[in-house]
Amino acid sequence: MPAKGKHRRPKHHPITRRLALAGTGGAALTLPLISATTAGAVPTTAATTTTAATATTAANVVTAAAKTYSVVAGDTLSEIAADHSVSGGWQQLYAANRSVIGDNPSIIRPGIRLELGTQAEPARASRSAARTALKPAAQTAAKPAAKPAAAYPNNLDGWIRESLDVMAKHGIPGSYNGIHRNVMRESSGNPMAINNWDINAQNGIPSKGLLQVIDPTFQAYHVPGTSQNSYDPVANITAACNYAAARYGSIDNVNGPY
């Protein structure tokens with residue numbers, strides 16, 4: 001769909017790694033290892049007492065301090081939320097810091113300090129270590145083998161599902177149906193689609209790929225772990241959804257030129 005294209009251009013603030021995206025004819029879319037050695041000369045009762053004391057101390061450790069984060073150039077709320085396991089994702093992080101961020105969650109100025117909230121993971125880790133210390137070494141369960149990487153078919157269904165898995169790791173909202181609906185409108189499912197006639201094309205930055213992203217938008221909202229090629233279907237979908245999350249709350253809220 002044709003569009004004015006003025007909001008396809010990325011904002012001139014060095015605050016995000018991802019960017020504003022464009023539709024085929026629309027405006028730009030957009031968180032101790034406890035080891036012990038027992039000397040042979042130490043009586044068993046003393047070793048048992050020491051181990052129990054260590055376990056008790058570890059069990060009583062509770063880390064629940066409120067944490068802050070200082071924004072650096074290239075940061076996005078979704079990445080900060082994911083890196084620091086913020087409960088509620090980027091939306092909660094934005095809600096808690098709106099007074100310092102402002103009305104646009106896609107613009108976070110380098111140097112501002114964000115309240116990340118209370119992180120309970122260290123306390124859970126300490127309690128887990130305490131339980132491990134109470135078990136004889138021979139009874140400690142082996143760490144489960146890592147799950148094999150998921151296999152995705154090389155088609156639109158597979159590209160969307162792989163993108164959704166990447167989005168989940170980075171706290172980017174969106175559903176299969178929301179992505180599919182917008183892909184079919186923007187490119188009819190053709191990952192090599194390009195718009196060579198609208199205002200963006202006239203400005204030398206044509207919309208590309210499944211969700212018709214202009215290069216500046218793709219570069220600003222590119223998600224780590226995906227290809228740097230804007231035509232790559234998974235990278236294109238993920239960058240578009242990252243922008244849509246920052247601008248509209250989710251790709252699910254996009255029902256026309258964006």
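**Figure 1. The largest cavity of the predicted model has a volume of about 120 Å³.** Here a cavity is a set of points, on a 1 Å grid over the protein atoms alone, where a 1.4 Å probe fits but cannot get out. Grid points are joined across faces, edges and corners, and the volume is the space filled by probe spheres set on the points. Fifteen residues line this largest cavity, and those nearest its centre are Thr76, Leu77, Ser78, Asn242 and Ala246; a lining residue has an atom within 4 Å of a point. Helices α2 (77–83) and α9 are the elements that give two or more residues to the lining. The largest share, three residues, comes from α9. The model is predicted: local features need pLDDT of at least 70 and side-chain atom pairs count only at pLDDT 80 or more, whereas totals for chains, interfaces and linings use all residues. Residues are numbered from 1 along each chain as its sequence is written, and side-chain values use heavy atoms, with hydrogens and water left out.

**Figure 2. The chain comprises nine helices and two strands.** Helices (H or I, at least four residues) and strands (E, at least two) are DSSP runs, numbered from the N terminus. Along the sequence, the elements follow the pattern α-β-α-α-β-α-α-α-α-α-α. Of the 258 residues of the chain, 43% count as buried, where buried means under 20% relative accessible area, exposed over 50%, and partly exposed in between (1.4 Å probe, protein chains only). The chain exposes about 13400 Å², of which carbon and sulfur atoms supply 56%; accessible areas come from the Shrake-Rupley method with a 1.4 Å probe, and for residues only the protein chains shown count as cover.

**Figure 3. Helix α6 (residues 176–186) holds the buried residues Gly178, Ile179, Asn182, Val183 and Glu186.** Seen down the axis of α6, these buried residues fall within an arc of 125 degrees, so they line one face of the helix. The arc is that of the directions from the helix axis to the C-beta atoms. The cover over the buried residues of α6 includes α5 (156–169) and α9 (233–248). Just after α6, serine 188 adopts a positive phi of about 60 degrees.

**Figure 4. One aromatic pair is present in the structure.** Tyrosine 221 and tyrosine 243 form this edge-to-face pair, at 5.2 Å centre to centre and 80 degrees between the planes. The pair links distant parts of the chain, with tyrosine 221 in helix α8 (residues 215–221) and tyrosine 243 in helix α9, 22 residues apart. Rings of Phe, Tyr and Trp (its six-membered ring) pair if their centres lie within 6.5 Å; planes under 30 degrees apart count as stacked, over 60 as edge-to-face and the rest as tilted. Tyrosine 221 is buried at a relative accessible area of 7%, and tyrosine 243 is buried at 3%.

**Figure 5. Glycine 171 occupies the loop between α5 and α6.** With 27% relative accessibility, glycine 171 counts as partly exposed. Residues up to four places away in sequence not being counted, glycine 171 touches Ser78, Ala82 and Trp90, contact meaning heavy atoms within 4.5 Å. The C-alpha atoms of glycine 171 and glutamine 91 are separated by 9.1 Å, although these residues are 80 residues apart along the chain.

**Figure 6. Glutamine 92 lies in helix α3 (residues 89–101).** Its relative accessibility of 42% makes glutamine 92 partly exposed. A distance of 9.2 Å separates the C-alpha atoms of glutamine 92 and leucine 116, 24 residues apart along the chain.

Definitions and conventions
On a 1 Å grid over the protein atoms alone, a cavity is a set of points where a 1.4 Å probe fits but cannot get out, and a pocket is an open set with protein on both sides within 12 Å along at least five of seven lines; lining residues have an atom within 4 Å of a point.
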